[in-house]
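Dear colleague,

Please find below the structure I promised to hand over, followed by my notes on what was found in it.

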Amino acid sequence: MKTKSLHLTRREWLKTTGLLGATTALASWPAAAALAAETTTPSAAPVWRAGVARKIITPEKAVWLAGYGSKRAPDGKLHDLWMKALALEDTTGRRVVLITSDFQGVPKGMSDRAFELIRKEHKLEREQIMFTFSHNHCGPRLGDDLVDYYPVEDEQVALVNEYTALMVTQLVALVGEALAQLAPARLQHGEGRATFAVNRRNNREADVPALLASGTPLKGPVDHTVPVLTVTRPDGKLAAILFGYACHPTTLNFRTWCGDYPGFAQLELEKNHPGAAAMFVNTCGGDQNPLPRRSVELCEKYGKMLAVGVEEALKQPLQPVSAGLRTAFELIELPYLKVVTREELTPLLKDTNAIRARWAARMLQKLDALEKFSDSYPYPVHAWRLGKELLFIGQGAETVVDYALRFKREFGPGTWVCGYADDMISYIPSRRVWEEGGYEGGANLYEYGRPAFRWAGDIEDRIAASVHKLVKQVRP
Ligand SMILES: [Zn+2]
């Protein structure tokens, strides 16, 4: 909607958008000026440039669906899977690209290769790229992610490797497209709510329907907030809606491609806002499930509930994001409690748990080949500051909800804690969850192919120390 026209001189516009002296901006002045003239509020002239790109990634060949520790060959699709990229540039030319995707788990081998190519082709360093995945369990296998979950079939291994290589190529191209689309934009943020995530450690799945029906409060920490960031062009058109939620996309367990609840939420938002890309990040949903579950109706319902949470945020007065981008990144070594030994592995060859037996056989092969297991794993941590208002913390792997609750408390409003960034790795328990043990906190690292059963008990302290250090760098 056009209201007041805004008359800027070319020099004023370049100053406002921080592009004074940039030759590309000079070349595109007439078009940009026309857009600026349609800005609805003079005070909201863009201090950002943004670019958005999308790509369908639904496998064309019979790559199995990922997760759940079983072989699942695809039998069709409910809707397509997507990879999307949002490039942002501040007035000084600093850039970041956030990638969201409907993948279940991105392994280190795949993301490292992508980061290397992106550095070469697009001159972006690791701290400028966050490669997130929704952890969608109706998405395809990739590389050696959860490799021991599946029976080994040579044809399938070849298909997975071929698809993974294709996805790396397409990701690098997608980042290039998003950068090529960089154009003036306003960023705004807000927050909604959605309540379908349940702490799965503290509530038995079978009990949840009755508890909900009787109005009995469910137990355990949850994060029901829906953080929202919008990207709006100077003519008022929405280019992207980035939103987050802390919950496993495990509503469905079948053999049909779809994005689970985040897929339905993105479709709903893109239907409501034609032309805009809806992009989902799983905040810290490692110990959260959508309950009850296991029907397409419920999956669609949760997607719509999440979209309603986003729409509620959009109806509130959104807060502008001021100028300025800062980024910091590091890999920190997270120690295992104890590296597994040949003596511990040998009896597991006959384990009734097929995943554990395959893992033991693979680990023993490595030992036979004289490989020495590392006693720690390089864990990625990001901090991005957008203006004075937003702080994005990115963490690898399946972080439990305690991380989001902690860092939001420690760093205040406007903090997003994105889990499932860059590398699937394993569950990342907090100190509380580690001490409680159980599935996410206990001896689960073998499932992910790590040479150990458990993390050391102090990994939350190590991660928090890194996050605080990086946040200081971006918010000096
Ligand atoms: Zn998971």
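Helices (H or I, at least four residues) and strands (E, at least two) are DSSP runs, numbered from the N terminus.

This is a predicted model, in which local features need pLDDT of at least 70 and side-chain atom pairs count only at pLDDT 80 or more, while totals for chains, interfaces and linings use all residues. Residues are numbered from 1 along each chain as its sequence is written, and side-chain values use heavy atoms, with hydrogens and water left out.

The zinc ion is coordinated by His135 (NE2), His248 (NE2) and, through two OE entries, Glu398, at 2.0 to 2.7 Å, donors being N, O and S atoms within 2.8 Å of the metal (3.2 Å for Na, K and Ca). His135 lies in the loop between β4 (129-131) and α5 (154-180) and His248 in the loop between β8 and α7, so the pair ties together parts that are 113 residues apart in sequence. His135 is buried, at 1% relative accessible area, and His248 is likewise buried, at 1%.

The structure holds 0 disulfides (pairs of cysteine sulfur atoms within 2.5 Å); for Cys247, the nearest cysteine sulfur, that of Cys299, is 10 Å away.

Best regards

Notes: Buried < 20%, exposed > 50% of the residue type's maximum accessible area, 1.4 Å probe, protein only.
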